[in-house]
Amino acid sequence: DLNKASSTITKRVSGLARVVDWAMRKNMVSFVSNPFRTLPKGYGSKVHDRNRLWDGERSRRLEGDEEEKIRNVLRGPELLLFDIALETAMRMGEIVGLQTKDIDLKQSTIFLHRTKTGARRQVPVSSVLKRILEDEKLCEREWLFPEWWRGGDIKAKQKLSNKLSHLYQNRFRKAGVADLHFHDLRHEATSRLYERTRLSDLKIASITGHKGFRMLQRYANLRGSTLASEMW
């Protein structure tokens, strides 16, 4: 309720959280985690960005012909980075830092040796992305994006990510697509995994690198029809 003070909202949510904690201890509910305990910081504030479902996550998705409009203004490595983000749900820093030796097209796998969470993971390459990468002649270069990255420390990677984020912000505006950030492509790609595959939460988390299932709870409604078909 936007008419309530932030402190009032916080107190009420705190009370509800304690009730759910009790219910979970008594096995009265089957939550994996208490949803009230996973609310983002500042959820009770009137200035909190309502697009943000979790800390750092937004709900913006591509709509209508927006993807086509964006493709019309991207060229070369800009388009390749866009394609990889949409097909893998990888973060910008993970994609830009790829060496071509980390991409095994025979096994249809991308190997990430260092991620944001510090864990290694393997990302499957879709048939769509495989065709795109096969046209890139990967054997002719060491880095996937030598125009932007040839190695460096974390600070340099962050500086590049900020630069590219601004670049894509400008490209999206040029395409006439409002309020879209590059990181929103990760949300779009994860949503597509839920909509277009029957992979379990565990398998999708292993692909996207989400640390906990609470981060994936936001996608549960995308499979409403699938769940309904499994009911008696």
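Start by selecting Arg-71 and Glu-67: their side chains meet in a salt bridge, with N and O 3.0 Å apart. (A salt bridge here is a side-chain nitrogen of Lys or Arg within 4 Å of a carboxyl oxygen of Asp or Glu.) Both residues sit in helix 2 (residues 66-71), four residues apart, so about one helical turn separates Arg-71 from Glu-67. Helices are DSSP runs of H or I with at least four residues, numbered from the N terminus.

Now colour the pair by accessibility. Arg-71 is partly exposed at 29% relative accessibility, and Glu-67 is partly exposed too, at 21%. The scale runs as follows: buried is under 20% relative accessible area, exposed is over 50%, and partly exposed lies in between, using a 1.4 Å probe and protein chains only.

A word about what you are looking at: this is a predicted model, in which local features need pLDDT of at least 70 and side-chain atom pairs count only at pLDDT 80 or more, while totals for chains, interfaces and linings use all residues. Residues are numbered from 1 along each chain as its sequence is written, and side-chain values use heavy atoms, leaving out hydrogens and water.

The structure as a whole holds twelve salt bridges.

For another stop, pick Glu-66 and Arg-60. Are these two buried or exposed? Glu-66 is buried, at 12% relative accessible area, and Arg-60 is buried as well, at 11%. They form a salt bridge whose closest N and O atoms are 3.1 Å apart.

Arg-171 is partly exposed at 25%, whereas Glu-78 is buried at 12%.

Finally, show the surface and select Trp-22, Met-28 and Val-29, a nonpolar patch with about 290 Å² of accessible area together. Such a patch joins nonpolar side chains (Val, Leu, Ile, Met, Phe, Trp, Tyr) within 5 Å, from residues with over 30% relative accessible area and no salt bridge; like charges are joined within 9 Å. The areas come from the Shrake-Rupley method with a 1.4 Å probe, and for residues only the protein chains shown count as cover. Trp-22 lies in helix 1 (residues 6-25) and is partly exposed at 41%.

Methods:
Helix = DSSP H or I, 4+ residues; strand = E, 2+ residues; numbered from the N terminus.
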